[in-house]
Amino acid sequence: MLIILAIIIGVLAGLKIVIDQWTSEKSRQQRRTYYRDSYLKSDDWKRKRWVVLNRDNHRCAYCGGRATQVHHKKYAHRNIGREPIEWLVSICDNCHKKQHHT
Ligand SMILES: [Zn+2]
Ligand SMILES: [Zn+2]
């Protein structure tokens with residue numbers, strides 16, 4: 001009897017881990033969608049991008065070439081759009097693609 005109980009508890013615990021992973025993956029996806037569809041089109045972001053590009057003199061932080069984009073080294077998990085500009089770096093198109101494919 002105790003063994004059966006232990007098995008049930010084990011199964012439930014395993015299930016909980018799976019569900020937790022699934023929901024956190026879901027909210028990560030929602031955040032990403034928000035970033036892509038709303039935030040990256042906002043005036044707020046355009047202003048920030050401009051500030052970062054100017055701070056770095058339009059130089060790519062990875063190859064030293066001409067940067068046209070801004071890359072997030074880190075994402076704010078809460079308060080999307082309130083990441084400090086230290087988290088953002090100027091980057092060229094090529095290096096940016098590499099950053100997102102590794
Ligand atoms: Zn580059
Ligand atoms: Zn990026």
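What distance separates the centres of domain 1 and domain 2? Taken over C-alpha atoms, it comes to 33 Å. The model here is a predicted one, and the domain assignment places domain 1 at residues 1-37 and domain 2 at residues 43-102. As for confidence, the chain has a mean pLDDT of 91, with 100% of its residues at 70 or more. Among the elements, strand β2 (residues 88-91) comes out highest with a mean of 96, while helix α1 (residues 2-37) comes out lowest at 90.

The overall shape comes next. The C-alpha trace spans about 70 × 25 × 20 Å along its principal axes. The radius of gyration is 20 Å, whereas a compact globule of 102 residues would be near 13 Å.

Now to the elements themselves. There are 3 helices and 2 strands, and they follow the pattern α-α-β-β-α along the sequence. Helix α2 (residues 43-55) has 13 residues, so at 1.5 Å a residue it should span 18 Å, and its end C-alpha atoms do lie 18 Å apart.

What about the inside? The largest nonpolar core is made of 9 residues: Val52, Cys60, Ala67, Val70, Leu88, Val89, Ile91, Cys92 and Cys95. Strand β2 contributes the most to this core, with 3 residues. Val52, one of the core residues, is in contact with Val70, Ile85, Leu88 and Ser90, leaving aside neighbours within four places in sequence. Across the chain, 55% of the contacts with a separation of 6 or more link residues 24 or more positions apart.

Terms used
Residues are numbered from 1 along each chain as its sequence is written. Chains are lettered from A and ligands numbered from 1 in the order in which they are written. This is a predicted model: local features need pLDDT of at least 70, side-chain atom pairs count only at pLDDT 80 or more; totals for chains, interfaces and linings use all residues. Domain bounds come from an automatic or database domain assignment. pLDDT is the predictor's confidence in each residue, from 0 to 100. Helices (H or I, at least four residues) and strands (E, at least two) are DSSP runs, numbered from the N terminus. A nonpolar core is a set of buried Ala, Val, Leu, Ile, Met, Phe, Trp, Tyr and Cys residues joined through C-beta atoms within 7 Å. A residue is buried if 20 or more other C-beta atoms lie within 10 Å of its own, exposed if 12 or fewer, and partly exposed in between; C-beta atoms are placed from the backbone. Two residues are in contact if their C-beta atoms, placed from the backbone, lie within 7 Å. The expected span of a helix is 1.5 Å times one less than its number of residues. The radius of gyration is taken over C-alpha atoms; the globule rule is 2.2 Å times the number of residues to the power 0.38.
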